[in-house]
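Welcome, and please load the model in your viewer. We will go from stop to stop, selecting a few things at each one.

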Amino acid sequence: MSANATAAARIVDHTSALPDAERGHRLRLYALYVLAVATNLAIFFYGFDYYKLSSVDRPFSPKHHLLRPSGPIGLYLGFAGVALFVGIFLYPLRKHWAWLGQKGSTRHWLDIHILMGLTAPFIVAFHSTLKFKGIAGMAFWIMFAVSTSGVVGRYLYAQIPRKVTTAELSMKELQELQENLSQQLAAQKLLPEADLRVLLRMPDANRVRRLPIVVALVYMMILDVIRVFRVARLRRHALTFGASLRTLAGFLPTGHRELEKAIHAAAEEAALSKRVLFLSRSQKVFHLWHVVHKPFSYAFAVLALLHIGLQFFLGYF
Ligand code: HEM
């Protein structure tokens with residue numbers, strides 16, 4: 001088998017053949033997400049009748065002594081916030097500390113960074129009893145902005161090939177893969193050619209090159225959403241009416257292995273074409289994103305440390 005055929009096989013079969021370490025990581029990550037969501041929901045439902053009270057009424061609530069920021073639950077939420085804060089910053093620190101950089105894979109660290117970055121605003125919001133004032137309030141809103149912008153950063157991160165793990169590919173490999181998938185698709189007879197052409201239709205390269213970067217970012221995201229509908233259409237047209245209903249108009253996979261393999265290859269090819277076409281734009285936006293994400297993160301760190309230092313000074317510990 002040629003090198004690019006091997007690479008293509010890796011893409012086409014990647015759902016069924018995950019290495020043990022990757023499967024273990026994903027399971028742990030899902031478990032942590034479940035834990036984070038369950039914890040936040042439990043606090044939300046327990047504290048709901050307290051959080052909706054005004055500042056004047058809160059001291060009269062039987063939950064006040066537990067949930068206020070310096071109460072037993074409030075304080076533990078604060079400690080959890082500090083732990084998440086430390087965890088979040090391990091990811092950027094890892095780039096500077098060689099001994100830490102050698103531990104684990106960058107992508108796994110990023111997954112944990114994201115989990116903590118998405119959880120922290122909720123935990124900190126409950127710690128503050130949903131009142132955002134003073135330095136702590138400012139730190140919270142900056143953290144919220146950084147966390148929200150992180151979602152865009154994660155999207156861009158996935159668009160740009162980097163040779164960090166074997167599953168991530170260089171630009172040349174991307175193009176080879178794309179050619180290989182095209183050949184595989186041309187050889188199969190399961191998918192209607194007209195629908196395949198629609199799925200693989202991309203905007204003109206010169207037009208993309210001239211797009212302002214924010215427009216390019218939105219355009220990329222729109223193409224990703226449109227692809228989901230085009231893939232569903234592809235599946236629908238290859239199915240009988242009954243099967244199409246069972247798969248919710250083609251949005252869910254069928255049990256047909258060969259068909260799903262061909263559809264997966266077609267969707268991968270469309271996604272790859274888009275990544276190749278928009279690569280220079282994504283790199284530019286990602287660079288700009290770093291320029292914004294980093295200083296805001298550090299501003300948040302300084303304010304959060306000020307807030308924690310102040311609580312020490314005031315003797316809350
Ligand atoms: C409290 C929240 C967060 C803080 C303080 C934070 C902070 C940081 C810092 C300091 C960096 C390194 C920037 C650099 O090296 O230029 C970084 C990178 C990154 N963060 Fe966050 N982050 C937070 C939440 C998130 C969230 C919620 C996501 C995704 C949903 C996210 C996604 C990313 C990505 C994709 C990178 C770049 C990875 C790379 O280029 O290696 N972050 N973050």
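**Stop one: the iron**

Select the iron atom of the ligand: its six donor atoms subtend angles of 75 to 179°, which makes the arrangement octahedral (six donors with opposite ones over 155 degrees apart and all others between 65 and 115). This is a predicted model, where local features need pLDDT of at least 70 and side-chain atom pairs pLDDT 80 or more, while totals for chains, interfaces and linings use all residues. Residues are numbered from 1 along each chain as its sequence is written, and side-chain values use heavy atoms, without hydrogens and water.

Now show His-113 and His-293: their NE2 atoms are the protein donors, 2.2 to 2.6 Å from the iron (donors are N, O and S atoms within 2.8 Å of the metal, or 3.2 Å for Na, K and Ca). His-113 sits in helix H6 (residues 106-127) and His-293 in helix H13, 180 residues apart; helices are DSSP runs of H or I with at least four residues, numbered from the N terminus.

**Stop two: a helix pair**

Next, select H11 (residues 213-237) with H13 (residues 257-313), whose axes lie 9 Å apart at about 175° (lines fitted to C-alpha atoms over the stretch in contact, with angles from 0 to 180 degrees between N-to-C directions). That makes H11 roughly antiparallel to H13, a label for angles over 145 degrees. Their contact holds 16 nonpolar residues, one polar and seven charged (Ala, Val, Leu, Ile, Met, Phe, Trp, Tyr, Cys and Pro are nonpolar, Asp, Glu, Lys and Arg charged, the others polar).

Key. Helices (H or I, at least four residues) and strands (E, at least two) are DSSP runs, numbered from the N terminus. Angles under 35 degrees count as roughly parallel, over 145 as roughly antiparallel, 65 to 115 as roughly perpendicular and the rest as oblique. Four donors count as tetrahedral if all angles lie between 85 and 135 degrees; four count as square planar and six as octahedral if opposite donors are over 155 degrees apart and all others between 65 and 115; anything else is irregular.
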